[in-house]
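Subject: Structure for your review

Dear colleague,

Please find the structure below, followed by an account of what was found in it. I would be grateful if you read the two side by side.

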Number of protein chains: 2
Amino acid sequence: GHIIVAGHGESGSQAVSELLRRGSLPQEILVIEQNEKARAAAVALGVNVMDADATRNATLEAARLKTARALIVSTGRDDTSILVTLTAHGLAPDVPIRTVIRHVDNETLARTAGADTVINPASFAGLLLAGACHGPHTADYLADLAATDGRVSLNERPVAPTEIGKSLADLESGLGLRIYRGELAIGFWEDGARTLKPGDMIVEIVPNS
Amino acid sequence: GHIIVAGHGESGSQAVSELLRRGSLPQEILVIEQNEKARAAAVALGVNVMDADATRNATLEAARLKTARALIVSTGRDDTSILVTLTAHGLAPDVPIRTVIRHVDNETLARTAGADTVINPASFAGLLLAGACHGPHTADYLADLAATDGRVSLNERPVAPTEIGKSLADLESGLGLRIYRGELAIGFWEDGARTLKPGDMIVEIVPNS
Ligand SMILES: [Ca+2]
Ligand SMILES: [Ca+2]
């Protein structure tokens, strides 16, 4: 499936660039954007571009939302982003929605509207700023974890058949951090991490070679 | 030393809240802010507040920048933030400066001006948005790592005397990720991580109890 990006401002364009770095093909990405300059920046990246209002059903239907792998909502305005989220969730409740929100007060609203992941850039920046005061390298380490380049990456994948029965501490691919097992999130220090089971999702830190 | 926060908008106020959550005392934090509403929000947190222009030498001197533990620059405008960074770096080259930048083009400028850590919230949001499309839990895991609450924290600390000679993999406090040894950053998978040495700084993931 394709990935739809509603809004190609600062956050949206960074998301598109990172998707391309992570191996998405330009033709798998569809940007919806009404601002001409932001649209031109998307065209320059080689992705598909629609000049339309993402808050409207007709736009999201034309964007084939129902068959999309994910929807990223980053319109730059919380009211617009929440309306896009609400409209999209109504049309295609199974498509994961990642919504960027600027004000803390709107985070819960965005989740209620149907966002599976809510990202508040300012809130994250605050965490990194505060963290850096307590440890100068932590902000850089988190940035490295989040990006595909640098020295390490944070990776999420299903358990491999050959790993079943082993401990999370014994992964050969990287450093195992957490297991998602059904509704449970199991930390590396917990008993449940001693034996990997079929169906587990693993979050790990992988060195970049 | 105290921590000076120039700009109490979205990012700055989130930084102050997180500093308080991490154990900083309100009287150790000084907010410089010219907007009345943003200043009132800082007053409500119990921190020290100055109504002044942080781009001016006199303001930073009155804020006792030279004895500060760190300066956070989050004025909301890249031109202002770069000017504050430049002024501060000239006055107190040894005080760590963490600067929030909104446009990618200005990141290098901020570093040149003297910022030790440059945080671009939109850029980080883009990474998280893209990452979430490749692994639904990675954005949440990173947010948990960055914040003191939740299930885990990213921690940076000097090696303990009792740990010298041991391997990074054998920490009892948490999961060892990286060692900073002089100019070197040593990953958990590298030979240098097998033997901890005096003076090492350790970055680790610690479970919250
Ligand atoms: Ca990386
Ligand atoms: Ca946490």
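In chain B, an open sheet is built from 6 strands in the order β3-β2-β1-β4-β5-β6, with parallel pairing. Strands and helices here are DSSP runs numbered from the N terminus, with at least two residues (E) for a strand and at least four (H or I) for a helix; two strands pair if DSSP finds at least two bridges between them. At the edges stand β3 (48-50) and β6 (117-119) of chain B, each with a single partner strand, so one side of each has no neighbour in the sheet. Neighbouring strands of this sheet are turned by 15 degrees against each other on average, direction ignored. Axes are lines fitted to C-alpha atoms, for helices over the stretch in contact, and angles run from 0 to 180 degrees between N-to-C directions. Strands of a sheet pair through backbone hydrogen bonds, in either a parallel or an antiparallel manner. Within the sheet of chain B, β4 (residues 70-73) and β5 (residues 97-100) are parallel and share 3 bridges, and Ile72(B) has Arg98(B) in β5(B) as its bridge partner.

The model is predicted: local features need pLDDT of at least 70, side-chain atom pairs count only at pLDDT 80 or more, and totals for chains, interfaces and linings use all residues. Residues are numbered from 1 along each chain as its sequence is written, chains are lettered from A and ligands numbered from 1 in the order in which they are written, and side-chain values use heavy atoms, with hydrogens and water left out.

Chain A also has an open sheet of 6 strands, in the order β3-β2-β1-β4-β5-β6 and with parallel pairing. Its edge strands are β3 (48-50) and β6 (117-119) of chain A, each pairing on one side only. Between β4 (residues 70-73) and β5 (residues 97-100) of chain A, which run parallel, there are 3 bridges; Leu71(A) stands opposite Ile97(A) in β5(A).

Helix α4 (residues 78-91) of chain A lies across β1 (3-6), β4 and β5 of that chain, and runs at about 170 degrees to β5(A). The 14 residues of α4(A) should span 20 Å at 1.5 Å a residue, and the end C-alpha atoms are 20 Å apart, which agrees; the expected span is 1.5 Å times one less than the number of residues. Among the buried residues of α4(A) are Ile82(A), Val84(A), Ala88(A) and Leu91(A). Here buried means under 20% relative accessible area, exposed over 50%, and partly exposed in between (1.4 Å probe, protein chains only). The buried residues of α4(A) pack against β1, α3 (57-62), β4, β5 and α5 (107-113) of chain A, where contact means heavy atoms within 4.5 Å.

An antiparallel pair is found elsewhere in chain A: β8 (residues 175-181) and β9 (residues 184-187) are joined over 4 bridges. Arg178(A) stands opposite Gly187(A) in β9(A). The hairpin of β8(A) and β9(A) has 2 residues between the strands, and Gly182(A) takes a positive phi near 60 degrees.

I turn next to the metal sites. The calcium ion (ligand 1) is coordinated at 2.1 to 2.5 Å by Asp144(A) (O), Asp144(A) (OD), Ala147(A) (O), Asp149(A) (O) and Val152(A) (O). Donors are N, O and S atoms within 2.8 Å of the metal (3.2 Å for Na, K and Ca); water is not among the atoms, so sites may look incomplete. The donor residues of ligand 1 are spaced D-x2-A-x1-D-x2-V in sequence. Asp144(A) counts as buried because its relative accessibility is 12%, and Val152(A) counts as buried at 1%. Asp144(B) and Val152(B) are buried.

With kind regards
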